[in-house]
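I opened the model to look up a few sites. My notes follow.

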Amino acid sequence: MKEELINKAYEIAKERYAAVGVDTEKVMETMQNFHLSLHCWQADDVTGFEVQAGSLTGGIQATGNYPGKARNIDELRADILKAASYIPGTHRLNLHEIYGDFQGKVVDRDEVEPEHFKSWIEWGKENNMKLDFNSTSFSHPKSGDLSLSNPDEGIRNFWIEHTKRCRAVAEEMGKAQGDPCIMNLWVHDGSKDITVNRMKYRALLKDSLDQIFATEYKNMKDCIESKVFGIGLESYTVGSNDFYIGYGAKNNKMITLDTGHFHPTESVADKVSSLLLYVPELMLHVSRPVRWDSDHVTIMDDPTMDLFSEIVRCNALDRVHYGLDYFDASINRIGAYVIGSRAAQKCMVRALLEPIAKLREYEANGQGFQRLALLEEEKALPWNAVWDMFCLKNNVPVGEEFIAEVEKYEAEVTSKR
Ligand SMILES: C[C@H](O)[C@H](O)[C@@H](O)C(=O)CO
Ligand SMILES: [Mn+2]
């Protein structure tokens with residue numbers, strides 16, 4: 001796209017926004033400090049690099065078989081860097097434990113060590129990507145339906161050990177990068193059919209978490225993620241929203257809000273202000289549920305827009321971590337990263353461009369008509385010109401230009417796998 005055109009459009013946008021009290025330059029500055037945490041698992045359909053890797057379990061599914069998925073650590077790293085080159089700004093990488101650099105050795109989940117992530121830490125430094133982390137309860141012979149809430153002490157202890165070790169890995173990552181590594185804890189535990197022991201499993205999960213979190217670390221932060229249900233685990237989820245909110249509020253833990261983990265009509269945006277009054281920070285797993293937690297690629301839809309607006313309206317940008325979580329195996333996977341990441345960024349640009357001072361003035365004066373009118377008109381303000389300028393300044397493709405770039409990488413690299 002012609003630079004001249006982008007500049008012209010931006011100058012007009014700058015004036016339009018100034019007229020409603022918004023400084024577009026400030027928005028661009030804020031965007032430069034807005035970092036996504038790219039999930040590593042879109043590149044290979046949540047397979048990972050365990051030598052003993054099993055098929056995907058735990059009530060999650062990557063559907064589709066589009067050719068070209070990353071088959072090893074080098075391909076995955078190359079794909080992530082390629083995707084990142086089309087996403088403006090600097091971003092983090094969110095690793096699951098099964099993506100360790102196991103060097104061809106069988107390393108069971110209760111044996112994982114920071115050394116298995118040494119090459120990731122170096123790679124992160126070389127590529128200016130800070131790391132976040134996740135323990136992995138699924139795709140293992142001991143996963144079953146229950147991990148941290150399993151009444152079998154042997155199995156429960158196995159997963160407690162795994163999760164404790166993951167926290168030690170996250171601590172090393174945080175130390176090495178001079179910035180806390182955010183470690184997410186999600187377990188699939190649940191039941192396909194009615195259980196008559198809801199309390200028992202939740203008490204076990206609570207006890208497991210108490211044991212896991214007993215060690216205090218300085219360079220990592222914990223977040224805990226609930227879910228409404230998993231496939232094959234439809235009747236009961238041990239780690240429900242209420243469970244983790246209670247645990248997080250009581251124990252000062254960060255809550256992870258996965259936008260695919262709630263009832264379809266539930267507003268995730270509405271949770272932000274309530275949670276931030278009781279827990280220190282939030283982690284997001286921005287996704288797109290289609291009828292269920294189908295993990296479709298994030299787009300610039302109303303729920304995502306509402307969520308980001310709410311974060312801005314709460315003045316909570318630095319209390320939220322912006323992870324993505326989707327895995328679509330039916331389309332070009334690098335394209336999926338780029339679409340979802342840019343969609344999240346576009347939502348943030350638009351959210352930051354809201355004429356909030358004016359809107360709040362109207363609200364304080366009881367001017368309901370004026371508030372609604374401006375809320376409607378802001379939708380048609382030229383936010384896209386600010387987004388284009390942000391892309392231009394960051395030397396990444398403007399608008400749809402990245403489609404051809406992704407196609408080129410497909411032709412030259414991923415289609416040959
Ligand atoms: C890979 C998983 O999707 C992820 O760890 C978890 O956050 C989740 O959302 C499970 O539904
Ligand atoms: Mn998630």
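I count as donors the N, O and S atoms within 2.8 Å of the metal (3.2 Å for Na, K and Ca); water is not among the atoms, so sites may look incomplete.

Ground rules. I am working on a predicted model, where local features need pLDDT of at least 70, side-chain atom pairs count only at pLDDT 80 or more, and totals for chains, interfaces and linings use all residues. Residues are numbered from 1 along each chain as its sequence is written, chains are lettered from A and ligands numbered from 1 in the order in which they are written, and side-chain values use heavy atoms, without hydrogens and water.

Metal site. I looked up the manganese ion (ligand 2). Its donors follow the spacing E-x32-D-x26-H-x39-D along the chain. They belong to Glu225 (OE), Asp258 (OD), His285 (ND1) and Asp325 (OD), at 2.1 to 2.2 Å. Asp258 sits in strand 8 (residues 254-258), and Asp325 in the loop between strand 12 (320-324) and helix 10; the two are 67 residues apart. Helices (H or I, at least four residues) and strands (E, at least two) are DSSP runs, numbered from the N terminus. Both Asp258 and Asp325 are buried. Buried means under 20% relative accessible area, exposed over 50%, partly exposed in between (1.4 Å probe, protein chains only).

Annotated site. An unreviewed UniProt entry places the feature "binding site" at His261, Asp293 and Asp295. They span 35 residues in sequence, yet no two of their C-alpha atoms are more than 9.8 Å apart, so they gather at one spot. UniProt positions are in the numbering used here, feature names are shortened, and annotations may be inferred rather than shown by experiment.

His261. I found this residue in the loop between strand 8 and helix 8 (269-276). Is His261 buried or exposed? It counts as buried, at 5% relative accessibility. Beyond its neighbours within four places in sequence, His261 is in contact (heavy atoms within 4.5 Å) with Trp186, Glu225, Ser226, Lys227, Val228 and Asp293.

Pro289. This one is in strand 10 (residues 288-290). Pro289 is partly exposed, at a relative accessible area of 37%. Leaving aside neighbours within four places, Pro289 contacts Thr259, Gly260 and Ser294. Its C-alpha atom and that of Ile334, 45 residues away along the chain, are separated by 20 Å.
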